[in-house]
Amino acid sequence: MRGVDRIETERLICERVRAEDADELAALMLHPDVVRTTWLAPEPPTYADVVEKADSNARHWERHGFGPWLLRDRATGELVGRAGLQHTLTTGDYEVEVGWAIMPDRWGEGLATEIACTSVDVAFGPLGLDDVIAFTSPDNVGSWRVMEKAGFVFDGAFDHFGVPHLLYRRSRASE
């Protein structure tokens, strides 16, 4: 899909994740505070896991014309996170998830809400999707607050890889 591989928001430059972004993404994806909120496996992720994730994100872009973005601060060019849209079978159905991970030193600045809202705009605008989901663990209060600020509505609890999670949903019909 043309036009969604690079998006700019008020404070962010969002560019599609590429396989070669793994080195830069490692600082985010291997940070202990990010691991705590994004990684479900019993063993912590490795650099090889980050490389696989970056490659998987790049393949998602090739298959679907959208996917996660690498987020940079517009003023400094500094990496601040990874976020965007991707297909998931998390709920047992083939759905599109809005997800985000922000560098911990930038938590509390509203960047996650900014990119969550932008992701929804892209989903319902250029991509023409009817419905998107987001989910998090019950103790990740920051993420479920972001979901609510971005217009998501609580849709129930479920187990994701044996770990309790909260499911939120937003549909175009409610716009």
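I looked up Arg 59 first. Arg 59 is partly exposed, at 35% relative accessible area. The model is predicted, so I kept local features only at pLDDT of at least 70 and side-chain atom pairs only at pLDDT 80 or more, while totals for chains, interfaces and linings use all residues. Residues are numbered from 1 along each chain as its sequence is written, and side-chain values use heavy atoms, without hydrogens and water.

Next, the partner. Arg 59 makes a salt bridge with Asp 55, at 2.3 Å from N to O. My cut-off for a salt bridge is a side-chain nitrogen of Lys or Arg within 4 Å of a carboxyl oxygen of Asp or Glu. Asp 55 is partly exposed too, at 30%. Both sit in helix H3 (residues 47-64), four residues apart, so about one helical turn separates them. Helices here are DSSP runs of H or I with at least four residues, strands are E runs with at least two, and numbering starts at the N terminus.

Then I checked Arg 106. Its side chain meets Glu 78 in a salt bridge of 3.4 Å, N to O. Glu 78 lies in the loop between strands S3 (68-73) and S4 (79-88), and Arg 106 in the loop between strand S5 (95-102) and helix H4 (111-124), so the pair ties together parts 28 residues apart in sequence. Glu 78 is partly exposed at 40%. Arg 106 is buried at 13%. Arg 106 also pairs with Glu 109, with the closest N and O atoms 2.9 Å apart.

Last, the total. I found 15 salt bridges in the whole structure.

Note on methods: Buried < 20%, exposed > 50% of the residue type's maximum accessible area, 1.4 Å probe, protein only.
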